[in-house]
Amino acid sequence: GVIGSEELVSQLKAIEGDVAVFSHAHALTVDAWKAAVGGEAAAEGASIAKNLLLRDKNNKLYHVVALESTEVDLKTLSLRLGLGKKLLRMAPAEALGTVLQVPEGCLTPFALSRPDAKDIVLILDDKLKGEKKVFFHPLRNDQSVSISPQGLQTYLSSIGHAGHFVDLSIRDVKVGKDNPPDLKALADGAKAYTFSEAADKAADKAAPPKGGKGKGKGKGGDKKGQKGSKKAGGMAGGDGHGLLK
């Protein structure tokens, strides 16, 4: 079923007793989020995670959860998934509301509990495992919760969405007959989603031109400091546009 933020927090506290919840101003960008929880992050020893919602040429969806400091190279990730030269791009904003059922700026792994999100491929930054606590939005962007990577894994497993830890620092991938894409099984096992024609056009229009420099706000489909459509290091990732907190 569809749960709200209060029920979610109760579930998280049942898993990890010291889960902390912080209220703050609505944070629509990663920079705003960092400013909102900066003091609490220092006190908690917590890191901020960005969330990117991406799609491939077949409309399969991928939710990438990475440390805010991790650069997500879309070209490399696309190759590793066996997508060839058809790079991953932002998922349409429609995916936030219809699939994950959260408003813009609220992309979070907790939304994978939604029934329609069962076919989204969850990719987790391997570096998350080394963090003491990580901040996420509890289905609303005026609150943040800090939870350990182990607690997050326990929650994700409880909703049948354990995810796949991936080393996102790998570069210069050479794919060939003797070196098949190491993440291809994730893409092959995923199911495609259907989006409206209007949503597809809007997502395509929002994507930066090939080879161009696409700059965005950061959260919710923005690509701060991203070159072309290859790197997503500055995206905020909390939105259905795809590249948010």
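I take buried to mean under 20% relative accessible area. I start with His63, because its relative accessible area is 0% and that makes it buried. I keep in mind throughout that this is a predicted model.

**Entry: His63**

I looked up where His63 sits, and found it in strand E3. Which residues does His63 touch, not counting residues up to four places away in sequence? I listed Asn51, Leu52 and Leu53, then Leu107, Thr108, Pro109 and Leu112, and finally Ile120, Val121, Leu122 and Ile123.

**Entry: the whole chain**

I went back to the overall picture. The chain has 245 residues, and buried residues make up 51% of them. I read off seven helices and ten strands. I then checked contacts between residues at least 6 apart in sequence, and 68% of these join residues at least 24 apart.

**Entry: helix H1**

I turned to H1, residues 5-15, where Ser5, Leu8, Val9 and Leu12 are buried. Why do the buried residues of H1 line one face of the helix? Seen down the axis of H1, they fall within an arc of 100°, so they share one face. On the other side of H1 I found Glu6 and Ala14 exposed. I also asked what covers the buried residues of H1. The cover includes strand E1 (20-23), strand E7 (143-147) and helix H5 (149-158).

Leaving aside its neighbours within four places in sequence, Leu12 is in contact with Val19, Phe110, Val145, Ile147 and Tyr155.

**Entry: helix H5**

I moved to H5 next. Its buried residues include Pro149, Gly151, Leu152, Tyr155 and Leu156. They cover an arc of only 160° around the axis, which puts them on the same side of H5. Among the elements covering the buried residues of H5 are H1, E5, E6 and E7. After H5 comes Gly160, and I noted its positive phi, near 75°.

In soluble globular proteins, nonpolar side chains tend to be buried together. I looked for such groups here. The largest nonpolar core has 36 residues, and Leu12, Leu100, Phe110, Ile120 and Phe136 touch the most other members.

I checked the second largest pocket and noted a volume of about 170 Å³. Its lining has 14 residues, and Ile120, Val121, Leu122, His161 and His164 lie nearest its centre. Which elements give two or more residues to the lining of the second largest pocket? They are E5 and H6. By class, I recorded seven nonpolar, five polar and two charged residues in the lining of this pocket.

**Entry: the cavity**

How many cavities of 30 Å³ or more does a search of the whole structure find? The search finds one. I noted about 50 Å³ of space in the largest cavity. Its lining is Val72, Asp73, Thr76, Leu77, Arg80, Leu168, Ile170 and Arg171. By class, that lining has four nonpolar, one polar and three charged residues.

**Entry: two positive phi values**

I looked at Leu139 and found a phi near 70°, a positive value in a residue other than glycine. Leu139 lies in the loop between strand E6 (133-136) and E7. Is Leu139 buried or exposed? Its relative accessible area is 9%, so I put Leu139 down as buried.

Asp172 also has a positive phi, near 50°, and is a residue other than glycine. I located Asp172 in the loop between strand E8 (164-166) and helix H6 (184-188).

How values were computed:
Residues numbered from 1 in each chain as written. Predicted model: local features only at pLDDT ≥ 70, side-chain atom pairs only at ≥ 80, totals over all residues. Heavy atoms only, no water. Buried < 20%, exposed > 50% of the residue type's maximum accessible area, 1.4 Å probe, protein only. Helix = DSSP H or I, 4+ residues; strand = E, 2+ residues; numbered from the N terminus. Arc of directions from axis to C-beta. Contact = heavy atoms within 4.5 Å. Core = buried A, V, L, I, M, F, W, Y, C linked by side-chain atoms within 4.5 Å. 1 Å grid on protein atoms, 1.4 Å probe; cavity = no way out; pocket = protein on both sides within 12 Å on 5 of 7 lines; lining within 4 Å. Points joined across faces, edges and corners; volume = space filled by probe spheres on them. Nonpolar A, V, L, I, M, F, W, Y, C, P; charged D, E, K, R; others polar.
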